[in-house]
Amino acid sequence: MATGIVLTAFVAFVCAAMLVITIPLDPVFPYVVLAGFALLILGAVWLILAAVQLGRYRWDRRICLAPAIVVLTATLVFFGVPSDLGWRLSVGELTAYAQTCTPSSEDQRIGLYDTWRVEAFDTGCHFFLEGGLVNLVGVAHLPHGTDKLGRPRRDGEIGYQHIEGDWYRFMQIF
């Protein structure tokens, strides 16, 4: 009973959290580690409970639900489905904001992204997002494109990666 229902509910909750955590293009690393650690603990508990159930009782197919949920979540994250979906749901609102590109140093939610700064540059608009561990990361609307594609090479330099249309991911290293 505990393996089939209660543990599966905990696993489903942590997997749902993992999917939400990985919506940003660059997820907040400590949150990913925390969710991964929780899945490891739940996996160890699942192994113990599954061994007890198989040793003392009869086979129950509900025992396979938790690993199936984890495999499904890992597959979705590996193929970038949450971040792609997050981008698709946010690009309209980001584009609308980029038309005026009002600079801001306040935390705000634009689409599904938590931005902590918006800057207007000569070439376009930069939205600084949570994540990136030590580097600054975000998305940029650059209507005229950029010649700085690739990873940045020196401290303070910004490197861009094309997403679609006039949109680029950026990283500024320190």
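For the record, rings of Phe, Tyr and Trp (its six-membered ring) pair if their centres lie within 6.5 Å, with planes under 30 degrees apart counted as stacked, over 60 as edge-to-face and the rest as tilted.

I note that this is a predicted model, in which local features need pLDDT of at least 70 and side-chain atom pairs count only at pLDDT 80 or more, while totals for chains, interfaces and linings use all residues. Residues are numbered from 1 along each chain as its sequence is written, and side-chain values use heavy atoms, with hydrogens and water left out.

**Ring pairs**

I searched the whole structure and the search gave nine aromatic pairs. One of them joins Tyr97 and Phe127 edge-to-face, at 5.7 Å centre to centre and with 65 degrees between the planes. This pair links distant parts of the chain, since Tyr97 sits in helix 4 and Phe127 in strand 3, 30 residues apart. Helices (H or I, at least four residues) and strands (E, at least two) are DSSP runs, numbered from the N terminus.

I then checked Phe127 and found it buried, at 0% relative accessibility; buried means under 20% relative accessible area, exposed over 50%, and partly exposed in between (1.4 Å probe, protein chains only). Trp116 is partly exposed at 25% relative accessibility, whereas Phe128 is buried at 1%.

I looked up helix 4, residues 81-100, and its 20 residues reach 30 Å from first C-alpha to last, close to the 28 Å expected at 1.5 Å a residue; the expected span is 1.5 Å times one less than the number of residues. Where does helix 4 bend? I found a bend of about 45 degrees at Ser90, taken as the angle between axes fitted to the seven residues ending there and the seven starting there. Just after this helix, Cys101 takes a positive phi of about 45 degrees.

The buried residues of helix 4 include Trp87, Ser90, Val91 and Leu94. The largest nonpolar core has 14 residues, and those with the most contacts inside it are Trp87, Leu94, Phe127, Val139 and Trp167. Such a core is a set of buried Ala, Val, Leu, Ile, Met, Phe, Trp, Tyr and Cys residues joined through side-chain atoms within 4.5 Å. Helix 4 gives this core its largest share, four residues.

I listed the neighbours of Trp87 beyond four places in sequence, and they are Leu25, Leu94, Tyr113, Val139, Ile163, Glu164 and Trp167, where contact means heavy atoms within 4.5 Å.

**Two single residues**

I placed Thr22 in the loop between helix 1 (2-21) and helix 2 (29-56). Is Thr22 buried or exposed? I found Thr22 buried, with a relative accessible area of 9%. Leaving out residues up to four places away in sequence, Thr22 touches Pro27, Val77, Pro82 and Ser83.

Last, I looked at Ile158, which lies in strand 5 (residues 158-164) and counts as buried at 14% relative accessibility. Ile158 touches Lys148, Pro152, Phe170, Met171 and Gln172, again without residues up to four places away in sequence.
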